[in-house]
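Me: I'd like to learn how to read aromatic rings in a protein model. Can you walk me through it with an example?

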Amino acid sequence: MSEQYDTLSNQQLTMLAQQALQCYPTALQGELRLLCRSENATFLLLAGGKRYALRLHRGNYHAKADIISELQWLDALRETGIMVPEAVPDLQGEPVLTLALPDGGVRYAVLFHWIDGEMPTTDVDPKAFRQLGNITARLHQHSKTWHKPAGFQRIIWDHHTMVSAQSHWGRWQDAPNLKIADHAVVEEAIARIGHELADFGKNSDRYGLIHADLRLTNLLLHKGETRVIDFDDCGFSWYMHDLAAAISFVEHHPRAEEWVENWIHGYEQVAHISDQEMAIVPTLLIQRRIQLTAWVGSHAETEMALSLGPQWADHSVRLARRYLENSMLPVGA
């Protein structure tokens with residue numbers, strides 16, 4: 001199995017979660033239930049009539065300093081009134097636990113206060129993407145003005161780390177159902193993407209600290225308030241990568257272009273998207289789709305990857321062709 005995916009069984013992860021729980025006060029000892037597995041394993045903790053989320057990080061991904069930096073950004077965002085997760089310190093006052101594994105390795109864990117809210121879905125209203133664009137613009141405004149603390153470090157999401165042979169999520173060539181005959185199309189798209197992004201550059205008005213996975217599944221609506229969760233992939237990238245991430249896995253959906261338009265409309269209510277940024281959107285959209293193709297290959301056993309169906313890779317190639325052949329957005333049916 002790929003090192004991009006956690007090799008521990010559900011039972012081993014549950015034992016690790018119980019080990020983590022011992023580091024917290026008595027009031028937080030309660031019932032643990034595995035909610036989901038992706039990059040991390042997330043557990044629901046029920047203790048003292050309250051809910052918490054315990055996140056167990058997989059190995060070979062984030063360093064402890066990266067996780068501490070994520071929590072520092074969350075603290076800063078909360079001070080501006082944006083509702084985001086808040087870590088619960090352990091008995092030593094530490095927000096990030098270091099758990100020893102039997103093989104001598106370590107895993108990191110963070111316990112968060114639970115955030116209530118309803119996750120919007122595309123089945124209800126495409127305008128949910130306006131809320132997504134709106135809150136993303138608020139995060140970007142904060143990112144552009146925030147003075148990061150000394151030692152702040154987060155993962156970098158650029159062309160090399162997203163779609164090269166050494167990408168964070170593995171090789172796109174390993175994606176299930178991707179035909180070898182179609183590799184040349186993807187390679188040509190990657191070459192063009194690289195050229196476009198090299199020209200676009202990484203000036204601070206277009207590249208900085210972003211959420212990097214802000215899609216509907218990470219948005220919660222509660223009594224008129226928009227809340228954002230799952231900052232585990234936050235890092236340095238192009239601000240408009242957050243638009244590409246907004247329609248992750250569903251770029252091929254017939255209504256995807258409408259979703260993009262709604263996201264842009266919501267964003268523009270808060271902050272302006274420059275002509276240069278608008279022009280790079282197709283490039284970032286197809287780069288994200290290829291990045292996800294790598295993710296599907298290295299996480300083939302996850303519930304998310306299994307849910308995509310046998311045609312997903314073919315759709316990815318079709319969108320890459322669209323990107324290469326015309327100026328239309330590489331989305332939709």
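Me: Which residues form one aromatic cluster here?
Reply: Trp 146, Phe 152 and Phe 236 do. Bear in mind that this is a predicted model, where local features need pLDDT of at least 70 and side-chain atom pairs count only at pLDDT 80 or more, while totals for chains, interfaces and linings use all residues. Residues are numbered from 1 along each chain as its sequence is written, and side-chain values use heavy atoms, leaving out hydrogens and water.

Me: How do I describe a pair of rings?
Reply: You give the distance of the centres and the angle of the planes. Rings of Phe, Tyr and Trp (its six-membered ring) pair if their centres lie within 6.5 Å; planes under 30 degrees apart are stacked, over 60 edge-to-face, and the rest tilted. A search of the whole structure turns up nine aromatic pairs. In one of them, the ring centres of Trp 146 and Phe 152 are 5.4 Å apart with planes at 90°, so that pair is edge-to-face.

Me: Is Phe 152 buried or exposed?
Reply: Buried (under 20% relative accessible area; over 50% is exposed, in between partly exposed; 1.4 Å probe, protein chains only). Phe 152 has 13%, and Trp 146 is buried too, with 17%.

Me: What about Phe 152 and Phe 236?
Reply: They're also an edge-to-face pair, 6.3 Å centre to centre with 85° between the planes. Phe 152 sits in the loop between α3 (128-145) and β6 (155-156), and Phe 236 in strand β10 (residues 235-238), so the pair ties together parts 84 residues apart in sequence. Helices (H or I, at least four residues) and strands (E, at least two) are DSSP runs, numbered from the N terminus.
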